[in-house]
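Please keep the sequence and the model in view while reading.

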Amino acid sequence: MEVVRDGVTISLVRGDITLEKTDAIVNAANSRLAGGGGVDGAIHSAGGPMIMEECRKIKGCPTGSAVITTGGSLATRYVIHAVGPVYRDGRHGEDGLLAGAYRASLDLAVKKGLTSIAFPSISTGAYGYPIDRAATIALSTVAEFIGATRGLSLVRFVLFSDSDLRVYEQALKRI
Ligand code: ADP
């Protein structure tokens, strides 16, 4: 599914984000930037050791924010490591932190002069965020950002399952 908002294409696809050729791909990282399972493990194993070398120098990233490194041997030029919240009960500032992780990633991309960026569904794997709620926050944060900031031409969400893709499609129709 694809829509154009404020001159920016928002694209939803099912796939493996490590194969994306956008200027940057976003990693669902942890605050120690220590690597892990899920999309984080897939990015480090496909992108090679240069990404972790840069992560070690950066020494962590607060929840709700993001940092940028090389894309190593990936097709993308940069990996943006965004740290989403662990979901507890939705009453511990999770929504604001999740929106912050998306906003910080978009900010870094624009500051670097990048025009295309691909996101996974941050926090909805090991971090336990309900996918419906996360999809609405992800897409409304992107919509708000591109309404206010010039520079991007493509924002893509790469969902790992058909059911996740359907949830994002429904959320995009509502936004
Ligand atoms: P978090 O710890 O932020 O929840 P996870 O990596 O556990 O991050 O999960 C985030 C989402 O990324 C999940 O929906 C998971 O299915 C998905 N995912 C895992 N591997 C990939 C991949 N290679 N490409 C895209 N999405 C992926």
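The buried residues of helix 2 are covered by parts that include helix 1 (38-47), strand 4 (66-70) and strand 5 (78-83). Contact here means heavy atoms within 4.5 Å. Helices (H or I, at least four residues) and strands (E, at least two) are DSSP runs, numbered from the N terminus.

The model is predicted: local features need pLDDT of at least 70, side-chain atom pairs count only at pLDDT 80 or more, and totals for chains, interfaces and linings use all residues. Residues are numbered from 1 along each chain as its sequence is written, and side-chain values use heavy atoms, with hydrogens and water left out.

**Helix 2**

Which residues of helix 2 are buried? Within this helix, residues 49-58, the buried ones are Ile-51, Met-52 and Cys-55. Viewed down the axis of helix 2, its buried residues fall within an arc of 95° (taken from the directions from the helix axis to the C-beta atoms), so they line one face of the helix. On the face turned away from the buried side, helix 2 carries the exposed residues Pro-49, Arg-56 and Lys-57. Buried stands for under 20% relative accessible area, exposed for over 50%, and partly exposed for values in between (1.4 Å probe, protein chains only). Just after helix 2, Lys-59 adopts a positive phi of about 60°.

**Salt bridges**

How many salt bridges does the structure hold? There are four, each being a side-chain nitrogen of Lys or Arg within 4 Å of a carboxyl oxygen of Asp or Glu. The table includes three of these pairs.

| Pair | N to O distance |
|---|---|
| Arg-14 and Asp-162 | 3.1 Å |
| Arg-156 and Glu-20 | 2.9 Å |
| Asp-95 and Arg-133 | 2.9 Å |

In the salt bridge of Arg-14 and Asp-162, Arg-14 belongs to strand 2 (residues 8-14) and Asp-162 to helix 5 (residues 162-174), so the pair ties together parts that are 148 residues apart in sequence. Arg-14 counts as partly exposed at 48% relative accessibility, and Asp-162 counts as partly exposed at 42%.

Arg-156 and Glu-20 form a salt bridge that links distant parts of the chain, 136 residues apart: Arg-156 is in strand 7 (residues 154-159), and Glu-20 is in the loop between strand 2 and strand 3 (24-29). Glu-20 is buried, its relative accessible area being 13%.

The salt bridge of Asp-95 and Arg-133 links helix 3 (residues 94-111), which holds Asp-95, with helix 4 (residues 131-148), which holds Arg-133; the two residues are 38 residues apart. Asp-95 is partly exposed at 29% relative accessibility, and Arg-133 is partly exposed at 30%.
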